[in-house]
Amino acid sequence: MEETWGQFKTFEGTRFEALDAEFTQEVSTLIGGQDLTACFQCAKCSAGCPVSDKVNIQVHELMRMLLFGLKEVLQTDMVWLCTTCYTCQERCPQGIHITDIIFGLKNMAFKRGIAPKGYIVARQGLFDTGRLYEPTDWEREDLELEDIPEFNIADIQKMFEKTGLMRLEEKEDA
């Protein structure tokens with residue numbers, strides 16, 4: 001599976017390794033993961049998802065992959081394109097904390113080096129400049145805004161060091 005940002009991946013023709021109970025157990029330790037096995041595939045989560053037409057698997061399919069212990073779930077678009085609107089979680093009749101689980105999957109994927117390049121570049125840019133986007137002078141002039149205030153980039157880098165964000169993927173084995 002090619003890792004490119006902006007192109008949705010497909011699992012067509014993929015042969016999955018099945019039933020990795022240890023992976024399911026690992027996910028069940030995530031925040032919200034304790035109720036994972038309560039999912040009975042009603043698909044109400046998917047029906048309310050605002051990105052359901054943009055991803056390669058639906059939320060209920062993600063939950064099914066977790067129950068089957070399919071690590072490939074970490075390579076799905078749903079993990080990265082989830083808007084964290086909590087609609088799936090609100091609609092779940094079993095009260096499963098689906099959005100929280102997806103947050104955990106995102107962290108798990110990042111630690112294993114499975115992340116869209118855009119996230120990696122954004123993290124580095126934030127570390128280097130303190131900004132995700134560098135507005136140009138002419139843009140600010142057009143909007144009649146004052147110059148961008150100066151700030152101490154060392155404070156931001158210190159925050160990254162304290163949270164371990166720049167070393168995140170180096171902590172765990174793939």
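**View 1. Aromatic pairs in the predicted model.** Searching the whole structure turns up 2 aromatic pairs. To count, the rings of Phe, Tyr and Trp (for Trp, the six-membered ring) need centres within 6.5 Å; planes under 30 degrees apart are stacked, over 60 edge-to-face, and the rest tilted. This is a predicted model, so to speak of local features we ask for pLDDT of at least 70, and side-chain atom pairs count only at pLDDT 80 or more, while totals for chains, interfaces and linings use all residues. Residue numbers run from 1 along each chain as its sequence is written, and side-chain values use heavy atoms, leaving out hydrogens and water.

**View 2. Trp80 with Tyr119.** Here the ring centres of Trp80 and Tyr119 sit 4.7 Å apart with planes at 55 degrees, so this pair is tilted. Trp80 belongs to helix H4 and Tyr119 to helix H7 (residues 117-129), so the pair ties together parts 39 residues apart in sequence. Helices are DSSP runs (H or I, at least four residues), as are strands (E, at least two), numbered from the N terminus. Trp80 is buried at 5% relative accessible area, whereas Tyr119 is partly exposed at 31%. For the cut-offs, buried is under 20% relative accessible area, exposed over 50%, and partly exposed in between (1.4 Å probe, protein chains only).

**View 3. Phe127 with Phe160.** Ring centres of Phe127 and Phe160 are 5.6 Å apart and the planes meet at 55 degrees, so the pair is tilted. Phe127 in helix H7 and Phe160 in helix H9 (residues 153-163) link distant parts of the chain, 33 residues apart. Phe127 is buried at 16%, and Phe160 is buried at 3%.

**View 4. The largest nonpolar core.** Among its 35 residues, Val27, Leu62, Met63, Leu66, Met78, Ile98 and Leu105 touch the most other members. Helices H1 (21-28), H3 (59-67), H4 (77-81) and H6 (98-111) each give two or more residues, with H6 supplying the largest share, 7 residues. A nonpolar core is a set of buried Ala, Val, Leu, Ile, Met, Phe, Trp, Tyr and Cys residues joined through side-chain atoms within 4.5 Å. Zoom in on Leu105: beyond neighbours within four places in sequence, Leu105 is in contact (heavy atoms within 4.5 Å) with Val27, Leu30, Leu62, Leu66, Leu74 and Val79.

**View 5. Confidence along the chain.** Mean pLDDT (the predictor's confidence in each residue, from 0 to 100) is 85 for the protein chain, and 89% of its residues reach 70 or more. Residues 1-7 have pLDDT below 50, and this stretch has 15 contacts in the model beyond near neighbours in sequence. Where pLDDT is low, the predicted coordinates should not be read in detail.
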